[in-house]
Amino acid sequence: MNKKGILIGIITSIVIISVIVVYSSSSVETENLDARTHEMISTTMGSSILGNPSAQITIVEFGDYQCHQCYNWFHNTKTTVFQNYVDTGKANFVFMDLAFLGRDSPKAAQASYCAEDQGKYWEYHNQLYNAQESQIDNGWANSERLKAFAFSLNLDMNLFDSCLDSEKYAKRVQYNIDEAKKLGATGTPTFFIIGSDGQQQKLVGAQSYSVFKQVIDSMI
Amino acid sequence: MKLVFSNIFYVALSITIFSFLLFGLFILSEYLFLEPYIVGHIQQGTEFGFVLIVILSALSALVIPMNIYRINILKKSKGKMGGSVFSSFIGSVAGACSCGPIGFAVVSTFGSVGATTLAFLTSFELPIRIGAITLLAFTYYTTVKSLKIECKVR
């Protein structure tokens with residue numbers, strides 16, 4: 001009877017401990033996910049937040065490094081939006097991948113996260129949009145060129161090469177693509193402007209600064 | 001040309017083709033946005049593409065009604081008509097299938113084959129449009145020439 005009691009006690013203890021361990025680990029994951037959710041959008045697997053993390057407005061861009069409209073927005077509108085809203089602390093910015101245009105698109109997105117491992121995500125992101133060529137998959141974003149971009153940013157090439165060749169961030173990029181599809185983004189660039197009070201506005205395409213200004217100002 | 005466009009039906013057809021192509025391509029090529037409100041915007045560096053869309057739409061609006069006139073009134077062959085519609089179509093899809101919803105739908109539906117086609121049409125958008133315009137201009141020239149001869153004979 002005593003032996004039986006001890007056995008039941010041990011089994012009960014194991015079950016309780018297991019439940020506690022499973023619960024605590026899942027709650028950590030949930031906490032991390034919650035930390036990077038902007039209303040309905042999970043940006044956990046996207047870029048780091050650029051700008052004031054507690055800003056009233058969050059701008060989430062879904063883009064492709066081979067998309068010429070993303071290039072146009074990056075070179076024509078982004079600077080003004082940043083000067084007036086991100087640099088002033090009114091808004092912050094997150095980039096997510098909707099890498100669908102060609103075979104080099106997902107690889108370029110993965111490379112950006114390999115650069116993030118060494119603290120140079122945004123430098124690498126900018127480098128890609130500055131180096132973009134008009135022809136998709138013509139080799140400007142193949143593995144060799146992606147490594148050359150990393151080299152020009154003085155990244156540790158052993159770390160970067162192993163990261164890129166092992167496709168370490170393939171699932172992360174795919175998660176972002178799935179997230180974009182879930183949100184109904186069907187092209188690049190697609191922006192979600194999210195206000196602190198839960199307001200959300202979707203902007204499709206490389207729209208002008210005046211549109212961003214009007215939408216953001218209406219949320220502040 | 002006067003002969004064709006003296007008929008109100010062909011004028012209406014021409015205006016319809018021009019408006020449909022112009023506004024359709026402006027929206028697909030992201031010169032015109034309908035949401036969150038209607039706004040036009042020409043990004044720096046995309047001015048040439050804008051001009052090509054206007055030329056393509058104008059030529060299509062001229063050439064297609066003239067060839068429909070040839071078929072309806074003069075009962076002539078449909079060869080030129082096919083050429084002009086083909087040029088308009090190719091010139092249109094060249095820029096339409098880029099980063100936008102059509103490109104996304106093509107890749108989602110046809111996978112790697114769709115992606116390769118999309119990459120080609122996007123990469124060579126401007127040369128394809130210039131080619132389509134050249135073909136339309138040539139069709140316009142031959143149509144005007146043949147209409148002169150055919151109408152004199154009648």
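Trainee: How many residues does the contact take from chain A and from chain B?

Mentor: The contact takes 27 residues from chain A and 22 residues from chain B. Two residues are in contact if their C-beta atoms, placed from the backbone, lie within 7 Å. This is a predicted model, in which local features need pLDDT of at least 70, side-chain atom pairs count only at pLDDT 80 or more, and totals for chains, interfaces and linings use all residues. Residues are numbered from 1 along each chain as its sequence is written, while chains are lettered from A and ligands numbered from 1 in the order in which they are written.

Trainee: Why is α6(A) called roughly antiparallel to α7(A)?

Mentor: The axes of helix α6 (residues 143-152) of chain A and helix α7 (residues 157-165) of chain A come within 10 Å and cross at roughly 150 degrees. Angles under 35 degrees count as roughly parallel, over 145 as roughly antiparallel, 65 to 115 as roughly perpendicular and the rest as oblique. The angle therefore makes α6(A) roughly antiparallel to α7(A).

Trainee: Which residues meet where α6(A) and α7(A) are in contact?

Mentor: From α6(A), S143(A), L146(A), K147(A), A150(A) and F151(A) meet M157(A), F160(A), D161(A) and L164(A) in α7(A). By class, this contact has 6 nonpolar, 1 polar and 2 charged residues.

Trainee: What makes S108(B) count as partly exposed?

Mentor: S108(B) belongs to helix α5 (residues 101-123) of chain B. A residue is buried if 20 or more other C-beta atoms lie within 10 Å of its own, exposed if 12 or fewer, and partly exposed in between. S108(B) has 13 C-beta neighbours inside 10 Å, so S108(B) counts as partly exposed. Between S108(B) and Y69(B) there are 40 Å in space, C-alpha to C-alpha, and 39 residues in sequence.

Trainee: What share of the residues of chain B count as buried?

Mentor: Of its 154 residues, 37% count as buried. The secondary structure of chain B consists of 6 helices and 2 strands, in the order α-α-β-β-α-α-α-α from the N terminus on.

Notes:
Helices (H or I, at least four residues) and strands (E, at least two) are DSSP runs, numbered from the N terminus. Axes are lines fitted to C-alpha atoms, for helices over the stretch in contact, and angles run from 0 to 180 degrees between N-to-C directions. Ala, Val, Leu, Ile, Met, Phe, Trp, Tyr, Cys and Pro count as nonpolar, Asp, Glu, Lys and Arg as charged, and the others, Gly among them, as polar.
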